[in-house]
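Dear colleague,

Please find below the structure that I am handing over to you, followed by an account of what was found in it.

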Amino acid sequence: MDEFCMREMKTEEQKANLALNVREHDEKRIVLSSTPRRVFLQINAACNADCVFCSKGYDYPTFSFDDYLKAVGPRLNRVLSQAEELILTGSGEFLGLPDAERILAYFNREFPHVDKYIATNASHARPRVWELITGGESRYTLQLSLHSADPESHKAMMRYGAWEQVQRNIRFLAERRKVMGNPRLKAMFVMTTLNAELLPEFVRWAAGVGVDEVIAGYFYIYESQQKYLSLYFKQGLANRVIDEARKTADELGVTLRLPPKFGGSPPGWVKPSSCPEPWHQIMINADGRVLPCDVYGDFDESLAGRSFDEVWNGPGYRAVRCSLRAGAGCLETCPRQNAAAVNDWSAHVIHRRKDPAQIVKERHEALRKP
């Protein structure tokens, strides 16, 4: 089924909500009548990789599909049915969950008109998973988290040896896309001091495979011991490889999304008046905790014991929208929305309070050390 037909599957209720959501964002409303166009469901799982830049130092609870269906799920059904996109991604590798096939089948069946987005390391040899993604029931976009263009750098970045399996899976996905028009493939390259120089080669690899888009972005620091990976300390290197990657992409006809370079603002750049995500998106963890976006810091909102509307228009979201409407708040240090923020150290660090149980666990481990 082609992209046009998939778009035509959208319901009238969904179309009306999306139009209202756009209008309320344009008017910078603080309390919204629309529901978010994008729902980010954080499906946390164990991971078969051990990426050097991962945020898994936090004690994320593994996603339980049965718990979701009993607790958070019923409060999200209306919201999901009116959304444009559902992101099924969290810490770890969602497609490695024992319930991955069941989860995919459920969302395909219940919300076929909602586009799906999954970030995956594409390593799993589970044919049924790929069939559910590449079939005609839903339209998927896969963000292929690779960060390398050869077996050696892939193993160094992700600390596991699955390059050949990953390449087989990507070839299968590319072939299925030719037949089904599904999924859309995006190749992800997280830039660190270890792999940045390989970005132009990654663009060449992507051109050969035939992915739809290459996305490169700076690494975010979650733990203090990771700071040596940040290109904030090698700004000249970052700027050089960005220029080389752009040149390579232009020569090969590859669609490439790059982060801002360090130094002065890009030519013709104008600071945005706001960030759309607190109007357009909600992130929901397995236990009901909520974030406006994946790089936001502490945020004290939760669906636990509350309705969706109480959170979506609750104190946290209202405060974020108010500050952004004034051109302040998180926009000041977000290089994704504000290119000038790349020069601010705080834009490269994510600060979040740890779960109390994790803090106690780490204290006990520290006490046991000699």
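In this predicted model, helix 9 (residues 199–209) and helix 10 (residues 235–252) pack at an angle of about 20 degrees, and their axes are 8 Å apart. Angles under 35 degrees count as roughly parallel, and the two helices are therefore roughly parallel to each other. The crossing of helix 9 and helix 10 is right-handed. On the side of helix 9, the contact is made by Leu-199, Pro-200, Val-203, Arg-204 and Ala-207. Helix 10 contributes Val-241, Glu-244, Ala-245, Thr-248, Ala-249 and Leu-252. Sorted by class, the contact of helix 9 with helix 10 comprises eight nonpolar residues, one polar residue and two charged residues.

I turn next to the nonpolar core. The largest one has 106 residues, and Phe-94 and Phe-107 are those with the most contacts inside it. Apart from residues up to four places away in sequence, Phe-94 touches Ile-43, Ala-45, Leu-88, Ala-100, Ile-103, Leu-104 and Ile-118. In soluble globular proteins, nonpolar side chains tend to be buried together.

Helix 6 deserves a separate paragraph. Its buried residues are Val-129, Trp-130, Leu-132, Ile-133 and Thr-134. These buried residues of helix 6 pack against helix 5 (100–110), strand 3, strand 4 and helix 8. Trp-130 has a relative accessibility of 3%, and buried means under 20%, so Trp-130 counts as buried. Which residues does Trp-130 touch, not counting residues up to four places away in sequence? They are Leu-95, Thr-120, Ala-122, His-124, Leu-142, Asn-169, Phe-172 and Leu-173. As for Leu-95, which is 35 residues from Trp-130 along the chain, the C-alpha atoms of the two are separated by 9.4 Å.

Most residues other than glycine have a negative phi, and most peptide bonds are trans. Ala-122, one of the residues touched by Trp-130, has a positive phi, near 60 degrees. Ala-122 lies in the loop between strand 3 (115–120) and helix 6 (127–134), and is buried, with a relative accessible area of 0%. His-147 likewise has a positive phi, near 65 degrees. The loop that holds His-147 runs between strand 4 (140–145) and helix 7 (151–158), and His-147 is buried with a relative accessible area of 2%. The peptide bond from Asn-182 to Pro-183 is cis, with omega near 5 degrees. Pro-183 is placed in the loop between helix 8 (163–180) and strand 5 (184–191).

Finally, there is Ile-350. Is Ile-350 buried or exposed? At 5% relative accessibility, Ile-350 counts as buried. Ile-350 lies in the loop between helix 13 (315–325) and helix 14 (356–368). Leaving aside neighbours within four places in sequence, Ile-350 is in contact with Tyr-220, Ile-221, Tyr-222, Val-295 and Tyr-296. Between Ile-350 and Leu-252, which are 98 residues apart along the chain, the C-alpha separation is 35 Å. Leu-252 is also one of the residues by which helix 10 makes contact with helix 9.

With kind regards

Notes: Residues are numbered from 1 along each chain as its sequence is written. This is a predicted model: local features need pLDDT of at least 70, side-chain atom pairs count only at pLDDT 80 or more; totals for chains, interfaces and linings use all residues. Side-chain values use heavy atoms; hydrogens and water are left out. A nonpolar core is a set of buried Ala, Val, Leu, Ile, Met, Phe, Trp, Tyr and Cys residues joined through side-chain atoms within 4.5 Å. Buried means under 20% relative accessible area, exposed over 50%, partly exposed in between (1.4 Å probe, protein chains only). Contact means heavy atoms within 4.5 Å. Axes are lines fitted to C-alpha atoms, for helices over the stretch in contact, and angles run from 0 to 180 degrees between N-to-C directions. Helices (H or I, at least four residues) and strands (E, at least two) are DSSP runs, numbered from the N terminus. Angles under 35 degrees count as roughly parallel, over 145 as roughly antiparallel, 65 to 115 as roughly perpendicular and the rest as oblique. A crossing is left-handed if the near helix is turned anticlockwise from the far one by less than a right angle, and right-handed if clockwise. Ala, Val, Leu, Ile, Met, Phe, Trp, Tyr, Cys and Pro count as nonpolar, Asp, Glu, Lys and Arg as charged, and the others, Gly among them, as polar.
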